[in-house]
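Please keep the structure in view while reading.

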Amino acid sequence: MSFRDPADPVPDRLSGDRFVLRPIRADDAADDHAAVMETRELLRLWEQSEWPADDFTVEANRSDLVGLQQRHAEHRTFTFTVRDPDDTVCLGCVYLFPTAATFLVKSEVTPLGGDAWQDVDAAAYFWVRLSQLDAGLDATLLDALRAWLRDDWGFERAVFVTNEQFGQQVDLLARTDLALRFELRETGKPGTYLVFG
């Protein structure tokens, strides 16, 4: 799998008992917007920004999704929408970045052991809709993603990134056998991101 060659096929679907993962499209704007706005307080912690603003619109979201869809097609980054099994409701989102992504290149990365950032195959970020957290969808999704990235994508060193202030997700990652490998500080963002692998 390559982040650079659009001719190189990549996995485009992950199906589980509780969800389906597929590439996000601009026409997912309304469903995605509903999930984003329901989860906005947690997403602001995760993003370390004011996004999404209270007045964030479906059309503004559609514009964002156009860019995500284009970067996915170009193999620059991969963005997947998490859907219910019937593909009618957005339950969250998954983003896969190469360490060469511009925002990661500009970030300050501190190894917490013997790992080297340049050896990381992909940095995965994900969020689950607020109403799905109590039912444990985030844990179910994480388990499925770990196997999918290893078995279908062939990533031996994928990492999962979250912000230290997003306590729910930090606790989720810390309860697994994943270890805290790096701390990451993005330019212009106040919080530290924790990288598990």
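A pocket is an open set of grid points where a 1.4 Å probe fits, with protein on both sides within 12 Å along at least five of seven lines. The model described here is predicted.

## The largest pocket

The volume of the largest pocket is about 750 Å³. Its lining is made up of 30 residues, and those nearest the centre of the pocket are Leu68, Arg71, Tyr95, Phe97 and Phe103. By class, 17 of the lining residues are nonpolar, 5 are polar and 8 are charged.

Which elements supply at least two residues each to this lining? They are helix H1 (29–38), helix H2 (40–47), helix H3 (58–73), strand S4 (90–97), helix H4 (102–105) and strand S6 (122–128). H3 gives the largest share, with 5 residues.

## Helix H3

H3 consists of 16 residues, and the distance from its first C-alpha to its last is 22 Å, close to the 22 Å expected at 1.5 Å a residue. Its buried residues are Asn61, Leu65, Gly67, Leu68 and His72. These lie on the same side of H3, because they cover an arc of only 160° around the axis. Glu59, Ser63 and Ala73, on the other side of H3, are exposed.

## Aromatic pairs and a cluster

How many aromatic pairs does the structure hold? There are 13. One of them joins Phe97 and Tyr125: the ring centres are 5.5 Å apart and the planes stand at 85°, so this pair is edge-to-face. Since Phe97 belongs to strand S4 and Tyr125 to strand S6, the pair ties together parts that are 28 residues apart in sequence. Phe97 counts as buried because its relative accessibility is 15%, under the cut-off of 20%. Tyr125 also counts as buried, at 6% relative accessibility.

The rings of Trp148 and Trp153 form another pair, again with centres 5.5 Å apart and planes at 85°, so this pair is edge-to-face as well. Both of these tryptophans, Trp148 and Trp153, are buried. Phe97 and Tyr125 also take part in one aromatic cluster, together with Trp46, Tyr95 and Phe103.

## Helix H6

H6 has 15 residues, and 21 Å separates its first C-alpha from its last, which is close to the 21 Å expected at 1.5 Å a residue. Buried in H6 are Leu137, Asp138, Leu141, Leu142, Leu145, Trp148 and Leu149. They cover an arc of only 135° around the axis, so they sit on the same side of H6. On the other side of H6, the residues Asp143 and Asp151 are exposed.

## The cavity

Rolling a probe the size of a water molecule over the atoms shows where empty space is left. In the whole structure, a search finds 1 cavity of 30 Å³ or more. The largest cavity holds about 40 Å³ of space.

Its lining is formed by Phe126, Trp127, Val128, Leu133, Asp138, Phe166, Gln168, Gln169 and Leu172. S6 and helix H7 (167–174) are the elements that give two or more residues to this lining. The classes are 6 nonpolar, 2 polar and 1 charged. Asp138, one of the residues lining the largest cavity, is also listed among the buried residues of H6.

## Phe80

Strand S3 spans residues 78–83. Phe80 and Phe3 are 77 residues apart along the chain, and their C-alpha atoms are separated by 15 Å.

How values were computed. Residues numbered from 1 in each chain as written. Predicted model: local features only at pLDDT ≥ 70, side-chain atom pairs only at ≥ 80, totals over all residues. Heavy atoms only, no water. 1 Å grid on protein atoms, 1.4 Å probe; cavity = no way out; pocket = protein on both sides within 12 Å on 5 of 7 lines; lining within 4 Å. Points joined across faces, edges and corners; volume = space filled by probe spheres on them. Helix = DSSP H or I, 4+ residues; strand = E, 2+ residues; numbered from the N terminus. Nonpolar A, V, L, I, M, F, W, Y, C, P; charged D, E, K, R; others polar. Expected span 1.5 Å × (residues − 1). Buried < 20%, exposed > 50% of the residue type's maximum accessible area, 1.4 Å probe, protein only. Arc of directions from axis to C-beta. Phe/Tyr/Trp six-rings, centres within 6.5 Å; stacked < 30°, edge-to-face > 60°.
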